[in-house]
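The structure goes in here before the entries.

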Amino acid sequence: MADIEPPDNRPLVEPEIHVGPEYAVAESDVAELVTGEVFAGSSLWRDAWRRLLRNKLAVFGMLVVLVLAIASVIGPAIIARATGLTYDSIPKDAALLKSFAPFRAADGKFSWAHPMGTDNAGRDILARVLSGGQISLMVALIATLVSLVIGISYGAIAGYLGGRVDDLMMRIVDVLYSLPYVILIIVLLALLPAKTPTAQLAELFFALGAVSWLTMARIVRGQIISLKNQDFVLAARATGVPTLRIIFRHLVPNALGPVIVYATLTIPSVMLSEAFLSFLGLGVRPPRVSWGSLAAEGAQNLAIYPWQLIFPGLTMALMLFSLNFVGDGLRDALDPQTRKE
Amino acid sequence: MLRFILRRIIVIIPMLFFIVSLTWVLVRLAPGNFYTGEKKLAPAIENNLREKYGLNKPWHVQYRKVLWNMARFDLGNSLKYEGQSVNQILRRTLPVSAALGVTAYLIALIFGITMGTLAALKQNSWLDYASMTVAMLGISVPNFVLGPLLVLAFSLTLYWFPPALWNGFPSKSIVLPALTLSAIYIAYIARLTRAGMLEVLRSDYIRTARAKGLTERQIVMRHALRGGLLPVVSFSGPALAFLITGTVVVERVFALPGLGNYFINACFNRDEPLILGIVAFIAITVLVFNLLVDISYAFIDPRIRY
């Protein structure tokens, strides 16, 4: 018995073996498994970042997204401070209650007052486009987050538990996949419109997030299945880590690459869905504006005041264009196998 | 194979039941009713209306009646378009939407496959980059922005096509709506074709075809396209669902008398029979189409067995 129990002052022979749930993931081992090779000072993420920066279109996309996002977040406040105009401020002077072309003042001369013109009620379109950007971005981000939470939990649990539970859970996903869910969302939003614009926004987050988690669940499940038989999971289980903790602390962080890629591609698609619903009059409602509702307004006055459609429409298109480039670039960077040569 | 098809057909029935029930519950959960308007109705009139449409019966009786009628393909009468049955409305609006959707998808197949194949054959050339940028634009410009812009250019400036008019199927009036609707499919199909072709062109059986001394045209047309188009075929299933939502918007933009336009109006009007009828119809179409796509795999890719 004496030689099994080490004396207190004896140094640990193998200091890298830790017991206890906190240390069950040996991060360096996992990195090695994922990348296949470990360079000094080069992690999976740093490699991916370098590859991303080499992709000119993705860098261009990131810059545009950044500029548009910052402009949307701080732009309205700056405009309000500089000119006193907000997205909803209607001029007092009756002569100004009409749509001016970009850079035109009431007398038809050049003016810096409204670089994108005004709408039928004389409201500044630049302020409206930037405020609309705030709402569009917020809806896209929160709905994507909702879909991430549902998709990751669902996919990870199905993948880890396996067997009959997995069969059932994925069969449900298959069934939901073939539902014409946009049609159901239209029914939901048209028949149960929320009382206040804020509640309407919450309904949008919920509706859009609730239908866009299916692919995420499939991706996460696939990742978890390929990871769950590895040694670090066995180690965690052997040391008595509860199942849910294994799933969310040990497995999910190792499946993040594909999840991030798919989440970046979800953002533009959710943004598009929001705009589509707002265009039909089912999404963001006045006095709030989003790019979709602005485009809907503009489309009605297209023949006489084309700038009412062109500016919000093209801003949204530019944002979607850039987000798609970023998403594609991230996919190529994080998943070199599927990279187009 | 036959067993697979049978099993899938049997699954369709409970799904349809689920969709119709969910829609019915949503319609019934909504506060108010189709007859509630600006004016308050006299209680006697309201009672008569409730009596006439069976709204005074317990919910399960009404629900059973809805399901039973639907099982007999009797979708009832529209509440808002008086004197018209839902079946009549479907018969009138479906050809419009179908013409629009089919034309748009054909345009998308022709342009998309051509662009994608050329991009794959001349990989990394300016042709490749140009068609992929165009494809990215097609994905990024929403159809409700593209449609009005096309109207602005071709109807209001050049006077080539009517801005909002429906003259039946083979007419000038379908050009702009179909182009608007097809843009995003051109983009998707071009990207899918390019990816599929790039993979196939590097495979062994293409090398065999080359080694046999086939001409490049034969290799591409007879051998590569068959494998390279598999992703496009599998995209056709979800594409139908997209097409339906696309027609909703495009019919709205161009004011076409199609299914989608009527569907939105029905939702706003709480026209319960019309909502249920259109949802059921769309659901059947989507479910059957997904089944057809799965079956068609077996014919295109000989490796797939059910």
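Predicted model: local features only at pLDDT ≥ 70, side-chain atom pairs only at ≥ 80, totals over all residues.

Entry 1, the interface. I count two residues as in contact if their C-beta atoms, placed from the backbone, lie within 7 Å. By that rule, the contact takes 38 residues from chain B and 32 residues from chain A. I looked up which helices of chain B supply at least two residues each to the side that touches chain A, and found H1 (2–29), H5 (126–140), H6 (143–155), H10 (230–253), H11 (259–269) and H12 (272–300). Helices here are DSSP runs (H or I, at least four residues), strands are runs of E of at least two, and both are numbered from the N terminus. I then sorted that side of chain B by class: 32 residues are nonpolar, four are polar and two are charged. Nonpolar covers Ala, Val, Leu, Ile, Met, Phe, Trp, Tyr, Cys and Pro; charged covers Asp, Glu, Lys and Arg; the others, Gly among them, are polar.

Residues are numbered from 1 along each chain as its sequence is written, while chains are lettered from A and ligands numbered from 1 in the order in which they are written.

The model scores ipTM 0.78 and pTM 0.77. I checked pLDDT (the predictor's confidence in each residue, from 0 to 100). Chain B averages 80, and 92% of the residues score at least 70.

I found 13 helices and zero strands in chain A, and 12 helices and zero strands in chain B. I call a residue buried if 20 or more other C-beta atoms lie within 10 Å of its own, exposed if 12 or fewer, and partly exposed in between, with C-beta atoms placed from the backbone. Buried residues are 43% of the 341 in chain A and 38% of the 306 in chain B. The C-alpha trace of chain B spans about 85 × 55 × 30 Å along its principal axes.

A nonpolar core is a set of buried Ala, Val, Leu, Ile, Met, Phe, Trp, Tyr and Cys residues joined through C-beta atoms within 7 Å. The largest one has 169 residues, and A:Leu251, A:Ala295, B:Ile189 and B:Val279 have the most contacts inside it. Helix H4 (residues 125–161) of chain A gives the largest share of this core, 17 residues. What does B:Val279 touch, leaving aside its neighbours within four places in sequence? I listed A:Ile183, A:Val187, B:Ile19, B:Val20 and B:Thr23.

The buried residues of H7(A) include A:Leu201 and A:Phe205. I saw that the buried residues of H7(A) pack against H4, H6 (181–191) and H11 (256–279) of chain A. In H11(A), 19 of the 24 residues are buried, so this helix is largely enclosed by the rest of the structure. A:Gly281 follows H11(A) and has a positive phi, near 85°.

Most residues other than glycine have a negative phi. B:Ala255 has a positive one, near 50°. B:Ala255 sits in the loop between H10 and H11 of chain B. I put B:Ala255 down as partly exposed, because 13 other C-beta atoms lie within 10 Å.
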